[in-house]
Amino acid sequence: MLLQSASGLRDADVVGLSDPYAVIRLGPAGSAWADKTSTPFGERRSTVEANTLDPAWQFAFSLGSPPSDGGWAASGWELHVRVYDQDYASFDDALGEVRIGLSTLLSHPDTLRDYTLSQQGSVRLMAGDRVATAVATAL
């Protein structure tokens with residue numbers, strides 16, 4: 001999987017622009033955020049991109065072994081992505097979130113697609129065999 005970037009995020013900082021990072025969890029569709037940490041996937045976190053509303057993370061990650069009940073697409077699981085603004089003097093600010101069914105992601109292999117965040121902006125993700133090529137091309 002590749003979390004390539006986000007765009008159009010809101011500015012949550014008083015001075016400068018937001019310092020966004022993404023946190024990704026995997027779990028059964030519709031499950032609570034807190035319940036998704038108990039899966040073998042756990043949690044993945046991108047780097048922080050300083051002073052931008054359009055971060056380019058190029059964050060590649062693996063889902064691990066699919067469930068034995070028919071694989072990821074058939075399992076009814078989802079990626080739950082939350083984007084935050086890192087703050088040093090207070091709690092990090094939520095910039096938005098999106099839930100994406102794995103069947104949706106896997107039905108468009110090797111294609112970067114935008115997914116709208118709950119507050120403002122979007123994230124761009126891709127699943128498939130060409131993730132490594134996409135990351136290398138961007139560098």
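Tyr-84 is buried, with a relative accessible area of 17%, where buried stands for under 20%, exposed for over 50% and partly exposed for the range in between (1.4 Å probe, protein chains only). Tyr-21 also counts as buried, at 5% relative accessibility. The structure holds two aromatic pairs; rings of Phe, Tyr and Trp (its six-membered ring) pair if their centres lie within 6.5 Å, and planes under 30 degrees apart count as stacked, over 60 as edge-to-face and the rest as tilted. Tyr-21 and Tyr-84 form a stacked one, 5.5 Å centre to centre with 25° between the planes. It links distant parts of the chain, as Tyr-21 in strand E2 and Tyr-84 in strand E5 are 63 residues apart. The charged end of Arg-45 sits over the ring of Tyr-21, 3.9 Å from its centre; the criterion is NZ of Lys or CZ of Arg within 6 Å of the ring centre and within 35 degrees of the ring normal.

A word on how to read this: the model is predicted, so local features need pLDDT of at least 70 and side-chain atom pairs pLDDT 80 or more, while totals for chains, interfaces and linings use all residues. Residues are numbered from 1 along each chain as its sequence is written, and side-chain values use heavy atoms, leaving out hydrogens and water.

Now to the strands themselves, which are DSSP runs of E with at least two residues, while helices are runs of H or I with at least four, both numbered from the N terminus. Four strands form an open antiparallel sheet in the order E3-E2-E5-E6. Strand E3 (43–45) and E6 stand at the edges with a single partner strand each, so one side of each has no neighbour in the sheet. Strands pair if DSSP finds at least two bridges between them; E2 (residues 20–28) and E5 pair over nine bridges in the antiparallel sense. In E5, Arg-82 is the bridge partner of Val-23.

Tyr-88 is exposed, with a relative accessible area of 72%.

Gln-58, in the loop between E3 and strand E4 (59–60), has a positive phi of about 50° although it is not a glycine. Gln-58 counts as buried at 18% relative accessibility. Asp-110, in the loop between helix H2 (102–106) and strand E7 (113–116), has a positive phi near 60° and is likewise a residue other than glycine. Asp-110 counts as partly exposed, at 26% relative accessibility.
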